[in-house]
Amino acid sequence: MTAHTVEYIRYRIPEQQSAEFLAAYTRAAVQLAAAPQCMDYELARCEEDFEHFVLRITWTSTEDHLEGFRKSELFPDFLAEIRPYISSIEEMRHYKPTAVRGSGAAVPTLYDWAGGAEAFARLTEVFYDKVLKDEVLAPVFADMAPEHAAHVALWLGEVFGGPAAYSETQGGHGHMVAKHLGKGITEAQRRRWAGLLQDAADDAGLPTDAEFRSAFVAYVEWGTRLAVYFSGPDAVAPGEQPVPRWGWGVAPPYRG
């Protein structure tokens with residue numbers, strides 16, 4: 001994951017000019033959407049005072065914004081649209097995210113939606129029963145430790161928003177990656193692993209709604225493809241990293 005930067009631009013626009021201002025930014029946003037340095041953007045309007053607007057732009061880095069976007073062929077058209085409002089800017093700064101972040105309770109985590117610790121323990125129990133009977137995967141797990149399924153349940157629970165039990169008892173992402181180094185996992189094995197886990201989710205009674213399953217399968221695809229890479233001969237083990245946290249949306253593309 002890369003350390004992105006967030007730019008905030010605060011405007012004070014007289015209410016009689018707000019319609020033109022919004023229209024200008026609608027046009028300018030075309031350039032932001034086309035910029036490879038821009039991760040996302042949002043223009044918000046104050047509810048208490050309609051004259052105040054805040055534009056939030058997430059850039060891949062401050063340098064990418066200043067040296068990349070601002071010197072690109074997209075910037076002149078962007079600037080042409082917003083130029084009339086530059087004098088109305090009250091603040092324009094870059095901010096780095098801190099470790100203080102999280103989600104509220106308005107939207108349940110995938111962990112809670114699935115049924116919590118019991119659901120993931122049930123899932124891995126059913127899954128590894130299938131694995132040990134599968135001709136493709138059984139040889140890979142022939143020497144599986146008795147506690148392996150329980151550890152994977154902790155891992156999946158933490159990934160999907162549950163307690164940090166895996167991190168506290170086993171380690172972070174690097175610990176999981178280390179278990180795959182030199183294993184030489186094949187694409188056929190990866191696909192069978194992913195398929196059996198989805199079958200186990202059915203048998204273990206995990207939710208079948210499209211939103212949960214799409215997020216669940218997205219992580220399985222992401223995680224197993226990383227496992228194949230890190231098990232290969234050219235893999236470079238990452239530095240110590242936290243366990244990834246998966247949500248209801250989609251992950252942005254990885255940028256090295």
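Predicted model: local features only at pLDDT ≥ 70, side-chain atom pairs only at ≥ 80, totals over all residues.

Which residues do ring pairs link into a cluster? The cluster consists of Y11, F21, Y25, F53, W59, F69, F75, F78 and Y85, linked by ring pairs.

Four strands make up an open sheet, arranged in the order β2-β3-β1-β4 with antiparallel pairing. At its edges stand β2 and β4, each of which pairs on one side only. On average, neighbouring strands of this sheet are turned by 10° against each other, direction ignored.

Strand β1, comprising residues 5–12, is joined to strand β3, residues 52–59, by 8 bridges, and the two run antiparallel. Strand β1 is also joined to strand β4, residues 89–95, through 6 bridges, again in the antiparallel sense. Between β2 and β3 the pairing is antiparallel as well and extends over 7 bridges; within it, Y41 has I57 in β3 as its bridge partner. Helix α1, formed by residues 18–34, lies across β1, β2 and β3 and runs at about 175° to β2.

## R10 and its partners

R10 can be followed to both neighbours of its strand. In β3, the residue opposite R10 is V54, while in β4 R10 stands opposite E91. With E91, the contact also involves the side chains: E91 and R10 meet in a salt bridge, at 2.4 Å from N to O. This pair links distant parts of the chain, since E91 belongs to strand β4 and R10 to strand β1, 81 residues apart.

Are the two partners buried or exposed? E91 has a relative accessibility of 14% and therefore counts as buried. R10, at 32% relative accessibility, counts as partly exposed.

## Other salt bridges

In the whole structure, a search finds 14 salt bridges. One of these is formed by R12 and E51, whose closest N and O atoms are 3.5 Å apart. Here too distant parts of the chain are linked: R12 lies in strand β1 and E51 in the loop between β2 (38–45) and β3, 39 residues apart. R12 counts as partly exposed because its relative accessibility is 38%, and E51 likewise counts as partly exposed, at 25%.

A further salt bridge brings together the side chains of E187 and R191, at 2.9 Å from N to O. Both residues are in helix α9 (residues 187–203); they are 4 residues apart, so about one helical turn separates them. E187 is partly exposed, with a relative accessible area of 32%, whereas R191 is exposed, at 55% relative accessibility. The pair is part of a network of salt bridges that links E187, R190, R191, E221 and R225.

## Aromatic pairs

How many aromatic pairs does a search of the whole structure find? The search finds 25. Among them is the pair of W113 and W248, which is edge-to-face, with 5.6 Å from centre to centre and 85° between the planes. W113 is located in helix α4 (residues 110–114) and W248 in the segment after α10, so this pair ties together parts that are 135 residues apart in sequence. W113 is partly exposed, with a relative accessible area of 42%, and W248 is also partly exposed, at 29% relative accessibility.

Why is the pair of Y219 and W246 edge-to-face? The ring centres are 5.4 Å apart and the planes stand at 70°, which gives the pair its edge-to-face description because planes over 60 degrees apart count as such. Y219 lies in helix α10 and W246 in the segment after α10, so the pair ties together parts that are 27 residues apart in sequence. Both Y219 and W246 are buried.

## P233 after α10

P233 is placed in the segment after α10 (210–231). With a relative accessible area of 82%, P233 is exposed. The C-alpha atoms of P233 and L181 are separated by 8.4 Å, although these residues are 52 residues apart along the chain.

Methods: Residues numbered from 1 in each chain as written. Heavy atoms only, no water. Pairing = 2+ DSSP bridges. Buried < 20%, exposed > 50% of the residue type's maximum accessible area, 1.4 Å probe, protein only. Phe/Tyr/Trp six-rings, centres within 6.5 Å; stacked < 30°, edge-to-face > 60°. Salt bridge = Lys/Arg side-chain N within 4 Å of Asp/Glu carboxyl O. Axes fitted to C-alpha atoms, helices over the stretch in contact; angles between N-to-C directions. Contact = heavy atoms within 4.5 Å.
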